[in-house]
Amino acid sequence: MEPVDIVGKAKEDASLPKATMTKIIKEMLPPDVRVARDTQDLLIECCIEFINLLSSESNEVCSKEERRTIAPEHVLKALGGLGFGDYIEEVYAAYEQHKLETMDSLKGAKWSNRAEMTEEEALVEQQRMFAEARARMNGGEIASKQPDADQNLES
């Protein structure tokens with residue numbers, strides 16, 4: 001029988017993108033150092049095992065706090081519990097950076113197509129959305145006619 005991890009999948013199902021991991025390994029070493037393919041495979045397996053160990057410990061921390069969702073704080077506590085306390089500050093900094101980058105990209109995506117609209121186009125779009133909402137509220141069909149830009153919003 002195959003070894004099974006926490007979520008019931010076979011260990012072979014858990015993997016990391018080989019090309020990405022190879023790139024990270026090469027970036028971490030001086031340019032004149034080469035790594036044998038079997039050594040790269042071993043390093044990737046070690047990373048997978050570390051992630052499984054950290055996930056398991058984070059899950060235990062989460063369970064002890066009677067939570068159902070693992071939060072970043074649980075991962076930080078798990079690092080300390082596993083003896084990786086020296087990394088907590090750096091991991092937390094990376095987490096904060098990730099939050100900032102994620103918020104920036106979400107804000108950019110949310111407003112990117114609206115920023116390209118002219119004021120008149122935005123007004124027409126707004127009126128179209130009002131008409132759709134009004135039609136849904138009245139239980140009727142959405143009017144196929146696009147409202148004029150000059151039409152009063154009070155209708």
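How far apart should the ends of helix H5 be, given its 19 residues at 1.5 Å a residue? Let's find out in the viewer.

This is a predicted model, in which local features need pLDDT of at least 70, side-chain atom pairs count only at pLDDT 80 or more, and totals for chains, interfaces and linings use all residues. Residues are numbered from 1 along each chain as its sequence is written, and side-chain values use heavy atoms, leaving out hydrogens and water.

**Stop 1: helix H5.** Select residues 119–137. The expected span (1.5 Å times one less than the number of residues) is 27 Å, and the end C-alpha atoms are 27 Å apart, so the two agree. Just after H5, click on glycine 139, which has a positive phi of about 75 degrees.

**Stop 2: the whole chain.** Of the 155 residues, 13% are buried (under 20% relative accessible area, with a 1.4 Å probe and protein chains only).

**Stop 3: where H2 meets H3.** Now select residues 37–64 (H2) and 72–81 (H3), whose axes (lines fitted to C-alpha atoms over the stretch in contact) lie 8 Å apart at an angle of about 110 degrees. That makes H2 roughly perpendicular to H3 (65 to 115 degrees). Show the side chains in contact (heavy atoms within 4.5 Å): among them are Phe50 and Leu54 of H2, and His74 and Val75 of H3.

Conventions. Helices (H or I, at least four residues) and strands (E, at least two) are DSSP runs, numbered from the N terminus. Axes are lines fitted to C-alpha atoms, for helices over the stretch in contact, and angles run from 0 to 180 degrees between N-to-C directions. Angles under 35 degrees count as roughly parallel, over 145 as roughly antiparallel, 65 to 115 as roughly perpendicular and the rest as oblique. Buried means under 20% relative accessible area, exposed over 50%, partly exposed in between (1.4 Å probe, protein chains only).
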